[in-house]
Amino acid sequence: MIRIYSEHITNRLRYIVNHLFAMVLNTDYQFVESIDDAHIIYGTQRKGNAFLIIPNGLLSETDVRDFKITDIDFWQDQPIFFTQKEGDLPFDIFAASFYLVSRYEEYLPSEKDVHGRYKSDNSLAYKNGFLTKPMVDIWANMLLEKLRTRFSDITPIPPCYRFLSTIDVDNVYLYRHAGLFQNIWKLLKSIRNKNLFLNQLTVIFHLKEDPYFTFPKIEKWHQQLGLKTHYFLHVGPWGKIDRRCFCVKNNIRRILKVIGISSDVGIHISHRGAFDTVQQAKEKRILEAITQQTITQNRFHYLRFRLPDSYQDLLKLGIKEDYSMGYADQLGFRASTSFPFYFYDLKKDQSTELLVHSLPIMDVVLRKRLQLNQQEAIDEVKKIVQHIRQINGECVILWHNQNLSYIENWEDWEIVYKAILKIAK
Ligand SMILES: [Zn+2]
């Protein structure tokens with residue numbers, strides 16, 4: 001049990017202490033009323049043998065201020081900010097962790113991308129080269145080591161590393177139920193490619209499985225390795241950026257037959273529904289009617305969300321867990337932690353019940369955004385998994401069913417997916 005003393009116990013301090021000690025370090029902790037009982041003093045007054053961390057003031061505030069962090073220092077080769085000259089740590093670990101996990105910088109004015117998303121290159125982690133490291137988890141473990149050398153009664157039980165493969169289903173089929181006009185258009189486009197042309201015809205006439213219907217092999221690989229899968233299903237409206245097939249009800253039912261009705265299924269809120277609560281509620285109702293389950297998990301299609309509005313919307317919708325916390329163009333830890341964390345609503349200055357999972361690895365980032373070849377992709381994933389294993393965190397990967405198909409040159413990437421499963425499981 002780690003005992004912490006602070007003169008001012010604010011919502012922010014309670015929140016980040018809980019994340020660092022309970023979620024990341026799997027350690028019991030409590031705030032104590034007497035400074036004499038403390039292992040850690042979060043304040044300016046030194047007392048006895050207690051470990052002193054000097055506050056920089058951020059956790060005593062209740063609003064969001066527009067300020068820039070320009071001074072990045074290093075502590076045992078790891079980047080730090082909110083540095084302090086006094087105390088037993090060279091920085092305010094609680095304030096720095098809170099800044100990153102609460103996504104404070106995403107509340108500040110910044111240029112958004114064409115989809116209205118926060119841009120990765122605006123983030124402190126990207127600008128300072130620590131996006132691919134779960135920095136908050138690393139700091140927490142460094143702090144724990146310091147505490148253990150000072151106090152023999154701190155004996156934590158390390159958490160267990162967890163791996164989760166998640167599949168986004170934007171399109172169940174490429175050709176089937178795509179509609180007459182779309183199929184004619186696709187046939188015309190592939191007329192010069194004999195193999196593609198014939199393949200499309202055989203699929204349309206039900207002589208061959210649709211290339212995007214890859215669920216049987218995904219299930220087979222996962223079962224062989226003893227893995228459970230989460231599926232996020234798009235049931236939103238038809239559109240250029242949204243799904244391209246009709247008959248959503250029958251299509252989803254066919255997936256459920258393969259993956260089993262008891263699988264973890266979440267909603268994949270559409271691009272059009274991202275900022276539209278009426279549309280979101282409609283999509284949730286559709287998926288619940290098809291699956292006959294209450295849907296409590298979400299990932300936004302295109303990772304199209306903004307803080308705090310999107311997460312406030314999810315809470316109103318009855319969503320308990322979100323898996324969108326990654327960037328669509330970079331690998332790494334958007335919130336600098338690999339562990340699930342509760343969404344802290346900085347506008348209301350309070351913690352919420354929405355549990356957010358980090359998303360450090362995604363198929364299209366590896367191949368299309370970073371333009372890596374297969375071996376480079378595997379090597380990059382290995383580095384990230386190694387960071388997560390060192391702190392016994394949670395490793396979530398995102399793949400698309402359509403990117404395990406035998407067309408559009410994704411067939412060569414099947415080996416990458418299978419290699420990642422083996423590396424990360
Ligand atoms: Zn999607």
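Of the 425 residues of the protein, 42% count as buried; a residue is buried if 20 or more other C-beta atoms lie within 10 Å of its own, exposed if 12 or fewer, and partly exposed in between, with C-beta atoms placed from the backbone. This is a predicted model, in which local features need pLDDT of at least 70 and side-chain atom pairs count only at pLDDT 80 or more, while totals for chains, interfaces and linings use all residues. Residues are numbered from 1 along each chain as its sequence is written.

**Overall build**

- The secondary structure of the protein consists of 13 helices and 15 strands; helices (H or I, at least four residues) and strands (E, at least two) are DSSP runs, numbered from the N terminus.
- The radius of gyration is 24 Å, close to the 22 Å that the globule rule gives for 425 residues, so the protein is as compact as a globular protein of that length. This radius is taken over C-alpha atoms, and the globule rule is 2.2 Å times the number of residues to the power 0.38.
- Along the principal axes, the C-alpha atoms of the protein fill a box of roughly 80 × 45 × 40 Å.
- Among contacts with a separation of 6 or more, 73% are made by residues 24 or more positions apart; two residues are in contact if their C-beta atoms, placed from the backbone, lie within 7 Å.

**Domains**

- The domain assignment gives domain 1 (2-150) and domain 2 (162-174 + 210-424); such bounds come from an automatic or database domain assignment.
- The centres of domain 1 and domain 2, taken over C-alpha atoms, are separated by 29 Å.
- The contact takes 30 residues from domain 1 and 30 residues from domain 2.
- On the side of domain 1 that touches domain 2, helix H1 (11-24), helix H2 (93-101), helix H3 (124-127) and helix H4 (135-150) each supply at least two residues.
- That side of domain 1 comprises 16 nonpolar, nine polar and five charged residues. Here Ala, Val, Leu, Ile, Met, Phe, Trp, Tyr, Cys and Pro count as nonpolar, Asp, Glu, Lys and Arg as charged, and the others, Gly among them, as polar.

**The sheet S2-S1-S3-S4**

- Four strands form an open sheet in the order S2-S1-S3-S4, with parallel pairing; two strands pair if DSSP finds at least two bridges between them.
- Strand S2 (29-31) and strand S4 (51-53) stand at the edges with a single partner strand each, so one side of each is left without a neighbour in the sheet.
- From one strand to the next, the twist averages 25°; axes are lines fitted to C-alpha atoms, for helices over the stretch in contact, and angles run from 0 to 180 degrees between N-to-C directions.
- Three bridges pair strand S1 (residues 2-6) with strand S3 (residues 40-42) in the parallel sense, and Ser6 has Tyr42 in S3 as its bridge partner.
- Ile40 belongs to strand S3 and counts as buried, with 25 C-beta neighbours inside 10 Å.
- Leaving aside neighbours within four places in sequence, Ile40 is in contact with Ile2, Ile4, Ala50, Phe51 and Ile53.

**Strands S10 to S13**

- Strand S10 (residues 297-298) and S11 are parallel partners over two bridges, with Asn298 bridged to Asp322 in S11.
- Strand S11 (residues 321-325) runs parallel to strand S13 (residues 350-358), joined by three bridges; Met325 stands opposite Ser358 in S13.
- Four of the five residues of S11 are buried.
- Strand S12 (residues 341-345) and S13 run antiparallel, joined by four bridges, and Asp345 has Gln350 as its bridge partner in S13.
- S12 and S13 form a hairpin with four residues between them, and Asp349 in the turn has a positive phi of about 50°.

**Backbone exceptions**

- Most residues other than glycine have a negative phi, and most peptide bonds are trans.
- The peptide bond from Leu307 to Pro308 is cis, with omega near 5°; Pro308 lies in the loop between S10 and helix H10 (309-317).
- Gln76 has a positive phi, near 50°, and sits in the loop between strand S5 (73-75) and strand S6 (78-80). Gln76 is exposed, with 9 other C-beta atoms within 10 Å.
- Ser336 also has a positive phi, of about 60°, and is found in the loop between S11 and S12. Ser336 is buried, with 25 other C-beta atoms within 10 Å.
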